[in-house]
Amino acid sequence: MTTRQTCLDQDVADPLGEVRDRFSLPEEVIYLDGNSLGALTHAAAARVREATEQQWGRDLISSWNRHGWIALPQQTGRKIARLIGAGADEVTAADSVSVNLFKLAAAAVRARGSERRAVIIERGDFPTDLYILQGLAEAMPEIDLRVVEPGGVEAALDNRAAVVLLSHVHYRSGAVRDMAALSAAVQAAGAFSLWDLSHSAGVLDVDLNRDGADLAAGCGYKYLNGGPGAPAYLFVAKRHQAALRNPLSGWMGHARPFDFIDDYEPAAGIGRWLCGTPPILSLTALDAALDAFDGVDMAQTRIKAGALGDLFIERVEARCAAQGLTLVGPRAAAMRGGQVSFAHPDGWAIMQNLIARGVIGDFRRPDVIRFGFAPLYVRHVDVWDAVEVLGDILDSESWRDERFQAVSAVT
Ligand SMILES: *Cc1c(COP(=O)(O)O)cnc(C)c1O
């Protein structure tokens, strides 16, 4: 039987247990929201201070060369590449996920030519993914945007399909898609698979090349811990790099930006996917934060995230039985990413009460409370303690208090 003591014992035996020391976490808080904003690492704090005071402050513009600022997007990309099963020259940090999806989807449609103009996405996917494709379809009226029912991608594939955008892990339910099978189906239909890795990179053992993905983008501020608004990244499989063109053909993606010539010529390789000047302070934080993954086996992160999620479900169903919580998304760890969601009609107020008690998760409309189990710093005992607080809140109905009802701008 699971007890608080067995959780403590599991933490002692945890092969990732010591990685938590790389993070700067407040005492008194159980942080279960690393799937929305990853925690601060000591390395990121130190390197941002150095980049600000020493590099920018003292070495000023010479830092572009002297401290390698100009190469930082691809240096960071190489660190991310290891986490997602990509080659070192297939990934770069750049822009936001939204902008990267625009660039990649537009490039894929252009590469497919006039016979193939269908862009496919599932209803209920992360809003920006839908919005970006809607905007792209307005900008390129020849696009046939197909928003299909969840699970309906394969049925929508035909000889007009150009690109299919899929979330590897769904932001709301936490469900994992079969990247190998879906990539193969999309390619068999003659289209590009474009994967959003925002909720899978840094927690699952993503392997883009093993699974045959064509294109991907993902988020720097969730499980990669790059800090608020950290740059995102993108992946273009080597076999597509020469043929695909970045529609946001800014000077940082030029073959020779400092020639200052009038005509755009894309850089060879992944470098062409940059657009404007990289945000060096944010990128420094992301680059440093990625060192928290040094020596970490991504198979272990997946195992641990699955175990923490299993423990959470088991404890919620035991401690909070008959309290109106319904599991959203898969029960089996093999089918889940790093988060577990429960629906409850009063989810918003319950989450506000949890946060006031130091257990931080988040809420997604209309009724989902979501808990992320970032495997680098969440402990088994945190899961135990979080569920005790949740049970207490539900037993006492303290969430009914007036102060937990007001809705904030960011949920
Ligand atoms: C977090 C997230 C994003 C974030 O997009 P930004 O443009 O970087 O803010 C995009 N897609 C998914 C699936 C996400 O989870």
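Begin by selecting Phe312, Phe342, Phe371 and Phe373, which form one aromatic cluster. The model is predicted: local features need pLDDT of at least 70, side-chain atom pairs count only at pLDDT 80 or more, and totals for chains, interfaces and linings use all residues. Residues are numbered from 1 along each chain as its sequence is written, and side-chain values use heavy atoms, with hydrogens and water left out.

**Within the cluster**

Keep Phe312 and Phe371 displayed. Their rings make a tilted pair, 4.7 Å centre to centre with 45 degrees between the planes. Rings of Phe, Tyr and Trp (its six-membered ring) pair if their centres lie within 6.5 Å; planes under 30 degrees apart count as stacked, over 60 as edge-to-face and the rest as tilted. Phe312 belongs to helix α10 (residues 298-319) and Phe371 to strand β13 (residues 368-372), so that the pair links distant parts of the chain, 59 residues apart. Helices (H or I, at least four residues) and strands (E, at least two) are DSSP runs, numbered from the N terminus. Phe312 is buried at 1% relative accessibility, and Phe371 is buried at 2%. Buried means under 20% relative accessible area, exposed over 50%, and partly exposed in between (1.4 Å probe, protein chains only).

The whole structure holds 11 aromatic pairs. Select Phe126 and Tyr171 next: with ring centres 5.1 Å apart and planes at 80 degrees, this pair is edge-to-face. Phe126 lies in the loop between β3 (118-122) and α6, and Tyr171 in the loop between β5 (161-167) and α8 (179-188); the pair therefore ties together parts 45 residues apart in sequence. Phe126 is partly exposed, at 29% relative accessible area, whereas Tyr171 is buried, at 7%.

**Helices α5 and α6**

Move to helix α5 (residues 97-112) and helix α6 (residues 127-139), whose axes come within 9 Å and cross at roughly 45 degrees. Axes are lines fitted to C-alpha atoms, for helices over the stretch in contact, and angles run from 0 to 180 degrees between N-to-C directions. The angle makes α5 oblique to α6; under 35 degrees counts as roughly parallel, over 145 as roughly antiparallel, 65 to 115 as roughly perpendicular and the rest as oblique. Show Ser98, Leu101, Phe102, Ala105 and Ala106 of α5, which meet Thr128, Asp129, Ile132, Leu133 and Leu136 of α6 (contact means heavy atoms within 4.5 Å).

**Helices α11 and α12**

Finally, select helix α11 (residues 347-356) and helix α12 (residues 380-396): their axes come within 10 Å and cross at roughly 125 degrees. Ile350, Asn353 and Leu354 of α11 make the contact with Val389, Leu390, Ile393 and Leu394 of α12.
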